[in-house]
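Here are some questions and answers on one structure. Please look at the fold first, then read on.

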Amino acid sequence: MKISTTYRAALVAASALSILAPTQALAAEVPVCTTENIAYLNSQDKQEDADAKAATAQRAYDRAKEDREAFDDVKHAAYGLALPFGGVESSEGKAAFHSVKKVRQAADRLDAAATADAAVAAADAGQKAYDSMTDGEKRAVDRDARHRGGNEVPELIMELRSQAEAVRKATTAADVEARRTDLDTAVSEKAEADKEVRPARDAYRDCLVKSDS
């Protein structure tokens, strides 16, 4: 808890006087430069508050941005799993291929729970389609998956399940723009607070010097 600004000013002024002019410090009935001291301490308090606000705003923005990226990641994982099934004629293969539609729709709404559920369902559809294949068909879709620059289908299924759990926690993704605005405001206020400290400190120092002359 911050102590009284006036009390702090008195302590600091008395301490400064004792350094600059010990005799005057003992003789003075009231601290000199109290007004300047209070202004300086107030500017320091404002700077501390602005620093804390900016740090909080930065963390909130970073979290929201990470959450937004989780939606991109889960959509990418869903597409990566579905593509090898694009040429599969079985009903299970077609279901796996088209399963990304619900993932995309939920992700576009930035609905964490719905996106996660759709991603799990897509992973289940991919697993079902893969399990229904012959060994030769599995080798074919795995080869296709590798050709597209990804892992084989079992690894793609595991990746999608992992991304589903990550996006389920991404509850602040819709706040990116608002958090960016908050951060810009906080940074601006911090810059203003930073600019006020030096003039207030210089005014206090000048007052102490003049009082000692």
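Q: Which residues touch the most other members of the largest nonpolar core?
A: A nonpolar core is a set of buried Ala, Val, Leu, Ile, Met, Phe, Trp, Tyr and Cys residues joined through side-chain atoms within 4.5 Å. Buried means under 20% relative accessible area (1.4 Å probe, protein chains only). This core holds 33 residues, and those touching the most other members are F71, L81, F85, V153, L160 and V167.

Q: Which helix gives the most to this core?
A: Helices are DSSP runs (H or I, at least four residues), numbered from the N terminus. Helices 3, 5, 6, 7 and 8 each supply at least two core residues. The top contribution is nine residues, from helix 6.

The model is predicted: local features need pLDDT of at least 70, side-chain atom pairs count only at pLDDT 80 or more, and totals for chains, interfaces and linings use all residues. Residues are numbered from 1 along each chain as its sequence is written, and side-chain values use heavy atoms, without hydrogens and water.

Q: Which residues does L81 touch, not counting those up to four places away in sequence?
A: Contact means heavy atoms within 4.5 Å. L81 is one of the core residues that touch the most other members. Its partners are A122, A123, G126, V153, L156, I157 and L160.

Key
Buried means under 20% relative accessible area, exposed over 50%, partly exposed in between (1.4 Å probe, protein chains only).
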